[in-house]
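Welcome! Here is a short tour of a protein model, written for someone meeting it for the first time. Take a look at the structure below, and then read on.

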Amino acid sequence: MFLLLADMLTVPDLIRKKRDGGQLSDDEIKAFIQAVKEKTIQDSQIGAMLMAIWLNGMVSAEIKALTREMMSSGEVMEWPDEWKNFMVDKHSTGGVGDKVSLVLAPALAACGCKVPMISGRGLAHTGGTLDKLESIPGFKVEQSREQILEILDSVGCCIVGQTETLVPADRVLYALRDITGTVDSLPLITSSIISKKGAESLSALVLDVKFGRAAMCKDLESATELAQMLVEAGNGLGIRTAAVLSGMNGSIGRCVGNSVEVIESLETLKGNGPDDLMELVTTQGGLLLVMTGLVSDLSEGRKQISEAVVGGAALSKFQAMMEAQGVNSDTAQRLCTTNTDYYSILRKAKHQLELKAPADGIVLEIDGLVLAQVLHRLGAGRSKAGEPVNHSVGAVLLVSIGQRVTKGVSWLRLHYEDPALTPDQRNHLESALTVGTDKKIQTQQKRTLVEKILPKKYAY
């Protein structure tokens with residue numbers, strides 16, 4: 001006996017309709033998500049619908065309905081009235097060395113925003129914000145709604161994992177997308193991301209949509225298509241939404257890996273951040289300040305975020321957030337002290353290995369995807385949800401794009417545990433560096449990652 005859904009259609013009827021290129025109505029999508037939530041539909045049927053969506057896509061109205069129904073499948077957070085214009089968050093589509101959240105959340109809090117940042121864990125070659133924070137002893141990413149409210153009231157920002165009651169339909173669909181080969185469906189990506197942000201009851205949202213070899217979107221054109229879809233879906237839920245399109249061929253900053261990225265984030269909060277990381281932090285933060293009305297234009301927004309970071313206000317917020325989320329106050333204070341010994345607190349890998357430049361020349365490229373893939377195999381990442389990660393595994397770049405190097409100089413310091421690096425892994429890692437001569441590459445050139453901002457009105 002088939003389950004009857006909207007307009008007396010059965011589940012197979014709905015699958016056939018989407019398979020044949022039909023447009024699902026709001027009621028049909030609502031009934032489908034309700035069945036997913038209540039577990040009155042078989043996994044094989046959900047998988048068939050996901051594949052039908054992957055094959056035929058969805059029009060804007062369908063994406064809007066799917067996003068709204070997924071958001072409504074669980075708890076939608078509520079905030080005090082005086083906060084409602086200042087609730088902000090960001091989302092990144094995933095990159096190498098992407099530690100923006102660790103710097104941006106406290107900087108926004110220092111500028112008067114409330115940031116209920118609900119983040120994820122790393123999967124495959126991309127790192128996860130929660131894994132990075134859990135390399136700090138005592139940091140608890142699992143917080144109840146009441147605890148989140150309390151932390152936002154006292155600190156202004158928190159970085160937590162998704163609660164059991166938030167968008168439960170997405171948990172089901174996400175798990176089945178992974179095993180049905182439908183992870184890269186733009187409508188499904190859009191509804192998954194925006195439904196979770198919608199459940200946070202945000203007033204403004206910025207999306208960092210990455211493109212390049214180490215990103216899901218390989219070129220600017222496909223990234224723009226995804227960004228436009230995400231912005232439209234966010235605005236459809238009543239959230240002021242903007243997207244930053246940024247290049248992802250190398251890495252962000254010099255550090256890749258959980259503990260080493262926490263160290264680089266703390267150094268950034270102490271005013272010693274790399275230019276590319278600060279560009280992303282100030283651009284995304286500046287956009288959110290514009291969208292909340294705290295500043296009149298992006299230039300002023302960037303300036304305020306930069307001052308919060310360089311001046312130490314963001315560091316104070318990060319220290320307070322660590323303490324509010326379970327880190328011992330002495331530990332938090334030591335981590336935030338100038339010239340601290342980070343490895344007296346954070347776990348350090350048993351072994352370090354420095355790789356040497358093979359020739360004289362200019363550093364033309366450092367392939368972030370290759371770097372991330374080797375670190376993943378050494379234990380820094382996971383292949384399946386729920387697997388542990390080794391927080392100490394990571395790498396520190398010792399050179400920059402455009403830098404002139406001599407043969408034999410160290411270009412990478414690898415932090416790893418047992419077993420040792422295999423010859424194949426070492427060769428793969430060494431292939432990430434390209435040294436040569438190129439008149440187009442200026443020595444010590446300043447890299448710019450941000451390529452485009454959508455909508456264009458926020459770029460000025």
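## A first stop: Lys39

In which loop does Lys39 lie? Lys39 sits in the loop between helix H2 (26-38) and helix H3 (43-56). Helices here are DSSP runs of H or I with at least four residues, strands are DSSP runs of E with at least two, and both are numbered from the N terminus.

Lys39 has a phi near 60 degrees, a positive value in a residue other than glycine. Lys39 is also exposed, because its relative accessible area is 70%. For the words used throughout, buried means under 20% relative accessible area, exposed means over 50%, and partly exposed lies in between (1.4 Å probe, protein chains only).

## About the model

This is a predicted model, in which local features need pLDDT of at least 70, side-chain atom pairs count only at pLDDT 80 or more, and totals for chains, interfaces and linings use all residues. Residues are numbered from 1 along each chain as its sequence is written, and side-chain values use heavy atoms, with hydrogens and water left out.

## The whole protein

The protein holds 17 helices and 13 strands. Its C-alpha atoms fill a box of roughly 70 × 50 × 45 Å along the principal axes. A compact globule of 460 residues would have a radius of gyration near 23 Å, and the 22 Å of the protein agrees with that. This radius is taken over C-alpha atoms, and the globule rule is 2.2 Å times the number of residues to the power 0.38.

Of the 460 residues, 56% are buried. The protein exposes about 19100 Å², with carbon and sulfur atoms supplying 49% of it; accessible areas come from the Shrake-Rupley method with a 1.4 Å probe, and for residues only the protein chains shown count as cover. Among contacts between residues at least 6 apart in sequence, 78% join residues at least 24 apart, where contact means heavy atoms within 4.5 Å.

Which residues of helix H7 (residues 145-154) are buried? They are Ile148, Ile151 and Leu152. Seen down the axis of H7, these buried residues fall within an arc of 100 degrees, so they line one face of the helix. The arc is that of the directions from the helix axis to the C-beta atoms.

The buried residues of H7 pack against strand E2 (115-118), strand E3 (157-160) and helix H14 (313-324). On the other side of H7, Glu146, Glu150, Asp153 and Ser154 are exposed. Just after H7 comes Gly156, which takes a positive phi of about 110 degrees.

## Buried residues to look for

Lys18 belongs to helix H1 (residues 11-19). Lys18 counts as buried because its relative accessibility is 3%. Leaving aside neighbours within four places in sequence, Lys18 has contacts that include Leu24, Met49, Ile53 and Glu62.

Thr241 is part of strand E5 (residues 240-247). With 1% relative accessibility, Thr241 counts as buried. Not counting residues up to four places away in sequence, Thr241 touches several residues, among them Leu205, Met291, Pro455 and Tyr458. Gly94, in the loop between strand E1 (88-92) and helix H5 (100-110), is buried too, with a relative accessible area of 14%.

## Backbone details

Where are the cis peptide bonds described here? One joins Asp418 and Pro419, with omega about 0 degrees, and Pro419 lies in the loop between strand E11 (410-416) and helix H17 (423-430). Another joins Leu454 and Pro455, with omega about -15 degrees. Pro455 is in the segment after strand E13 (450-454), and it is one of the residues that Thr241 touches.

Asn339 has a phi near 60 degrees, a positive value in a residue other than glycine. Asn339 is found in the loop between helix H15 (329-335) and strand E7 (351-356), and at 74% relative accessibility Asn339 counts as exposed.
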